[in-house]
Amino acid sequence: MTALVSYAQNFEDVMLSRALREIDAGFWIDVGADDPDALSVTRAFADRGWRGINVEPLPDKHARFVARRPRDTNACVLVGSAPGRRRFWRFGTVDSGCSTMDPDVVALHARAGRRPSAEWEIEMPTVDALCDRHAPADIHFLKVDVEGAEREVFAGMALTRHRPWIIVAESVLPGGQGPSPAAWESLLTGRGYRVVYGDGRNRFYLADEHALL
């Protein structure tokens, strides 16, 4: 294996690379992908020839994925528990990492004096629907960073025919205010996944059928 250059915020790509070192050309799903380069969990894998689905609802950031990751499926949508449309709030003219579809998170930021700069409705499929259209049989990892909407994302996954080997989910509340997995963790641990690692920001879940990783 060649030397790895890490781009991720908290070395998530290093941990995933160690677990998936035997996979030459794998597949990911990145929900809340943000940027193809800066603080990217997937850039190191793209450099190795992997490809994936990048879900990023902000149009300017989605355009960067289209330009930088033409081999990938780049979706300018939200994902949730059921197909439809959902209101989305953007914070800042250059996104500050606070943009969300969760009104409770908007209220949390409002109490801290942060107001959204824009809001609009966006198409919202489920992760399963995206997988039906674009994913191969093996999804090697799913990364979720959606500013408080994790339960919405996981509720739209049956975790039956589409089972990522590893799931990495941000596990602190927006703004870094303590852990958040109590609201959604049972949707994973009750469907054949177990917690195997935490880095203070994320939790890593491993599918039971891939326990040897």
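The side chain of Asp102 reaches the backbone nitrogen of Asp104, at a distance of 2.8 Å. Please keep in mind as you read that this is a predicted model.

Leaving aside residues up to four places away in sequence, Asp102 touches Trp89, Glu147, Gly148 and Ala149. Asp102 is buried, yet has no salt bridge. The nearest side chain of opposite charge belongs to Arg86, and that one is 7.3 Å away. A salt bridge here needs the nitrogen and the carboxyl oxygen within 4 Å.

### The sheet

Now look for the strands. Seven of them form an open sheet in the order β3-β2-β1-β6-β7-β9-β8, and the pairing is mixed. Which strands stand at the edges? They are β3 (73-75) and β8 (193-198); each has a single partner strand, so one side of each is left without a neighbour in the sheet. On average, neighbouring strands of this sheet are turned by 15 degrees against each other, if direction is ignored. As a general point, strands of a sheet pair through backbone hydrogen bonds, either parallel or antiparallel.

Strands β7 (residues 166-170) and β9 (residues 202-207) give you an antiparallel example, joined by five bridges. Within β9, the residue opposite Ala169 is Arg203.

Helix α5 (residues 127-134) lies across β1 (27-31), β2 (51-55) and β3, and runs at about 145 degrees to β1.

### Charged pairs

Side chains of opposite charge can pair when their charged atoms come close. How many salt bridges does the model have? The count comes to 16 salt bridges.

| Salt bridge | Closest N and O atoms |
|---|---|
| Arg68 and Asp37 | 3.0 Å |
| Arg87 and Glu119 | 3.1 Å |
| Glu209 and Arg163 | 2.7 Å |

Let us take them in turn, beginning with the salt bridge between Arg68 and Asp37. Arg68 lies in helix α3 (residues 59-68) and Asp37 in the loop between β1 and α2 (43-47), so the pair ties together parts that are 31 residues apart in sequence.

Next comes the salt bridge of Arg87 with Glu119. This pair links distant parts of the chain, with Arg87 in strand β4 and Glu119 in strand β5 (residues 118-124), 32 residues apart. Arg87 is partly exposed, with a relative accessible area of 32%, and Glu119 counts as partly exposed at 44% relative accessibility.

Then there is the salt bridge of Glu209 with Arg163. Glu209 is in the segment after β9 and Arg163 in the loop between α6 (150-155) and β7, so this pair links distant parts of the chain, 46 residues apart. Glu209 counts as partly exposed at 46% relative accessibility, whereas Arg163 counts as buried at 18%.

Finally, some salt bridges share partners, and in this way Asp35, Asp37, Arg43, Asp47, Arg64 and Arg68 are joined into one network.

Terms used:
Residues numbered from 1 in each chain as written. Predicted model: local features only at pLDDT ≥ 70, side-chain atom pairs only at ≥ 80, totals over all residues. Heavy atoms only, no water. Buried < 20%, exposed > 50% of the residue type's maximum accessible area, 1.4 Å probe, protein only. Lys, Arg positive; Asp, Glu negative; His and termini not counted. Polar contact = N/O pair within 3.5 Å; in protein donor to acceptor, adjacent residues only side chain to side chain. Contact = heavy atoms within 4.5 Å. Pairing = 2+ DSSP bridges. Helix = DSSP H or I, 4+ residues; strand = E, 2+ residues; numbered from the N terminus. Axes fitted to C-alpha atoms, helices over the stretch in contact; angles between N-to-C directions.
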